[in-house]
Amino acid sequence: MRFRGRDGWRSVGPLDSLLKRMAAALQDVYEAPDCVYGFVPHRSTFTAAQVHVGAPSALVVDLKDFFGQVKEQRVRNALQCVLDAKAVDVFVGCCLRSGALPLGFRTSPVISNIVFLRTDLEIEKLCAARSIKYTRWADDLVFSGASVDDVFLDELLLILGSQGWAPNEKKTRFMSTRRVVLGLNVAPSLQRPHVPRGIKKELRKQVYYLNKFGMAHFSRPGAWPLPRILGMIAYVKSVDPNLATLIEQQLHTLPKDPRLVAYINAVGGGKWQTVMLRRIGL
């Protein structure tokens with residue numbers, strides 16, 4: 001079964017189980033270049049952002065409707081290098097909708113990486129010649145180094161155009177002193193990526209009011225749902241464990257209200273969130 005939600009196609013039931021196995025099979029045959037960080041085991045937004053810390057200049061290039069640009073013929077051309085003809089037909093039949101990769105299918109990320117492999121390698125050659133660092137997370141291409149300039153951008157756009165990829169001009173920009181890569185601050189003065197100050201401030205505020213008002217907090221304007229609070233703590237922990245530990249300690253002072261546990265179950269808390277609830281004593 002499948003349905004189309006606000007954020008794209010979602011698969012459920014037997015199809016989702018099949019797509020999970022298909023994605024695992026493709027992941028086994030896909031050898032990710034060093035530049036690719038999205039949907040690759042043991043690579044994260046933190047490790048991608050770390051590449052660009054301290055660079056004198058940086059550039060972000062976004063691709064327009066990335067999955068939508070991955071049409072059937074692109075998929076066939078890419079998969080025939082790793083699968084036989086019958087397998088390609090099966091994968092195309094199961095993994096595409098309306099002639100393109102659907103957002104939300106388990107197979108879409110790894111297929112997009114396989115399709116983009118040739119372009120990644122071309123971009124890596126250009127960057128190596130100019131001593132430029134390059135990372136890609138899905139449609140988010142980031143470049144940093146002293147040679148990142150208008151000439152480099154023109155050469156990059158030529159490669160993308162020759163490979164049939166359309167950039168999103170509105171999201172293509174050179175970054176000034178305020179550097180944010182994949183949601184993390186990589187300002188030249190830093191030695192490692194940091195969670196942006198605004199996110200940390202808002203998270204502390206949410207935890208403060210949750211401690212102060214308990215369940216009543218969730219009826220307040222601007223209140224985050226509990227899964228979002230716990231999810232943001234988990235995200236901060238992956239970047240700044242010491243800060244996350246301090247925030248978790250604040251949650252230890254929450255009233256032991258069983259309604260909080262019922263609340264997270266009602267709004268769809270995952271297994272990791274349940275584990276976190278136990279760790280903070282709820």
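Analyst: **Around leucine 156**

Beyond its neighbours within four places in sequence, leucine 156 touches Leu59, Val61, Ile123, Leu126 and Phe143. Contact here means heavy atoms within 4.5 Å. The model is predicted, so local features need pLDDT of at least 70 and side-chain atom pairs pLDDT 80 or more, while totals for chains, interfaces and linings use all residues. Residues are numbered from 1 along each chain as its sequence is written, and side-chain values use heavy atoms, without hydrogens or water.

Now step back to the core. The largest nonpolar core has 46 residues. Such a core is a set of buried Ala, Val, Leu, Ile, Met, Phe, Trp, Tyr and Cys residues, joined through side-chain atoms within 4.5 Å. Buried means under 20% relative accessible area, exposed means over 50%, and partly exposed is in between (1.4 Å probe, protein chains only). Ile123, Phe143, Leu156 and Leu160 touch the most other members.

Which elements give two or more residues to this core? They are helix 1 (14-29), strand 3 (58-62), helix 3 (66-69), helix 4 (72-79), helix 5 (85-95), helix 6 (108-130), strand 5 (140-144) and helix 7 (150-162). Helix 6 contributes the most, with 8 residues. Helices (H or I, at least four residues) and strands (E, at least two) are DSSP runs, numbered from the N terminus. Another core lies apart from this one; it has 29 residues, among them Ala49, Ile229, Ile233 and Val236. In soluble globular proteins, nonpolar side chains tend to be buried together.

The whole chain gives some context. It has 12 helices and 8 strands. Of its 282 residues, 44% are buried. Among contacts with a separation of 6 or more, 68% join residues 24 or more positions apart.

Next, the rings. Rings of Phe, Tyr and Trp (its six-membered ring) pair if their centres lie within 6.5 Å; planes under 30 degrees apart count as stacked, over 60 as edge-to-face and the rest as tilted. There are 9 aromatic pairs. In one of them, phenylalanine 39 and tryptophan 137 are tilted, 6.3 Å centre to centre with 50 degrees between the planes. Phenylalanine 39 is in the loop between helix 1 and helix 2 (45-50), and tryptophan 137 is in strand 4 (residues 133-137), so the pair ties together parts 98 residues apart in sequence. Phe66, Phe67, Phe116 and Trp165 form one aromatic cluster.
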